[in-house]
Amino acid sequence: NAEYMGRRVSAAFSVYKDNIYLFTKDGTLAHFRLPAQSFGSSSRSTRHDLTSPMPGKCVSVPVRKGQAVKKGDAVVVMEAMKMEHVLRANADGIVDEINCAVGELVDANVALAVVKPAPSAASASPA
């Protein structure tokens, strides 16, 4: 259920790339375009949320909070529509949050884990 144009409606939705499509029972179709992610000085540039692509079940979390990961490493594995979906780190970093447990059912578009960029060697203070 959602509120659309001032009224409460039941709708199915589909997400494709940066678009959301709502389909209501009365045949109405609504299209929303998501804003482009900003990688400037906002807080979004300091973390990478790994979100569930659809509702499903968390089947594996092969990392732990505080663990260093490389770009492409598996962080969360979920099962949806009888298929396995591996959420991978999209940059080198440190696992900052794990927001699901093995066996837990999760909704779509939920941040199941967060990876923060690893401190660079240039920004490390001398010992």
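The largest nonpolar core of this predicted model comprises 16 residues, and those with the most contacts inside it are Leu50, Val69, Val75, Val76, Cys100 and Leu112. A nonpolar core is here a set of buried Ala, Val, Leu, Ile, Met, Phe, Trp, Tyr and Cys residues joined through side-chain atoms within 4.5 Å; buried denotes under 20% relative accessible area, exposed over 50%, and partly exposed the range in between (1.4 Å probe, protein chains only). Strands β9 (74–80) and β13 (111–117) each contribute at least two residues to this core, and the largest share, 4 residues, comes from β9. Helices (H or I, at least four residues) and strands (E, at least two) are DSSP runs, numbered from the N terminus. With residues up to four places away in sequence not counted, Leu50 touches Val75, Leu87, Arg88, Ala89, Val110, Ala111, Leu112, Ala113 and Val115, contact being defined as heavy atoms within 4.5 Å.

Residues are numbered from 1 along each chain as its sequence is written, and side-chain values use heavy atoms, with hydrogens and water left out. Because the model is predicted, local features need pLDDT of at least 70 and side-chain atom pairs count only at pLDDT 80 or more, whereas totals for chains, interfaces and linings use all residues.

Strand β9 also belongs to an open sheet of 4 strands, ordered β10-β9-β7-β12 with antiparallel pairing. Two strands are taken to pair if DSSP finds at least two bridges between them. Strands β9 and β10 run antiparallel and are joined by 6 bridges, and Val76 has Leu87 in β10 as its bridge partner. The hairpin of β9 and β10 has 2 residues between the strands, and in it Met81 adopts a positive phi near 55°. Strand β7 (residues 56–60) pairs with β12 in the antiparallel sense over 2 bridges, and Lys57 stands opposite Leu105 in β12.

The count of salt bridges comes to 1, under the criterion of a side-chain nitrogen of Lys or Arg within 4 Å of a carboxyl oxygen of Asp or Glu. This salt bridge links the side chains of Asp96 and Lys116 (3.8 Å, N to O). Asp96 lies in strand β11 (residues 93–98) and Lys116 in strand β13, so the pair ties together parts that are 20 residues apart in sequence. Asp96 is partly exposed, with a relative accessible area of 23%, and Lys116 is partly exposed at 35%.
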